[in-house]
Amino acid sequence: MGIAGLWDVLKDHGCIQHVTGAAAIEWFMGRRVAMDLSIVLAQVMFAGSPELRNEANARRVFFERLVHFCRRGCHTIVCADGIPPN
């Protein structure tokens, strides 16, 4: 589920910057980064070879991305929708 026009609103308020390469690493340091769990899982499950499309690999890739951000001093927030666990 998404919010129509969210990216446009964020851009209009200066909440989004496009950075790449070494500048991106510096830009992320000390910032809060929201990571959509469903996007990460979809990237793993629908990309690459069929033998890599499994739950264990998806968890590993997600964990590695979290570690990548944490090593650069990012405060990572994971977003997921659905019914919360009891």
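## Helix packing and nonpolar core

The protein chain contains 4 helices and 2 strands, taken as DSSP runs numbered from the N terminus (helices H or I, at least four residues; strands E, at least two). Along the sequence their pattern is α-α-β-α-α-β. This is a predicted model, in which local features need pLDDT of at least 70 and side-chain atom pairs count only at pLDDT 80 or more, while totals for chains, interfaces and linings use all residues. Residues are numbered from 1 along each chain as its sequence is written, and side-chain values use heavy atoms, with hydrogens and water left out.

| Item | Residues | Value |
|---|---|---|
| Angle, helix 3 with helix 4 | 37-46 and 55-71 | about 125° |
| Axis separation, helix 3 and helix 4 | 37-46 and 55-71 | 9 Å |

That angle makes helix 3 oblique to helix 4 (under 35 degrees is roughly parallel, over 145 roughly antiparallel, 65 to 115 roughly perpendicular, the rest oblique). Axes are lines fitted to C-alpha atoms over the stretch in contact, and angles run from 0 to 180 degrees between N-to-C directions. In helix 3, the residues that meet helix 4 include Val40 and Leu41; their partners in helix 4 include Val61 and Phe62.

The largest nonpolar core has 6 residues: Val33, Met35, Val40, Phe62, Phe69 and Cys74. Such a core is a set of buried Ala, Val, Leu, Ile, Met, Phe, Trp, Tyr and Cys residues joined through side-chain atoms within 4.5 Å. Strand 1 (32-36) and helix 4 each supply at least two residues of this core. Buried residues (under 20% relative accessible area, 1.4 Å probe, protein chains only) make up 13% of the 86 residues in the chain.

Definitions and conventions: Contact = heavy atoms within 4.5 Å. Buried < 20%, exposed > 50% of the residue type's maximum accessible area, 1.4 Å probe, protein only.
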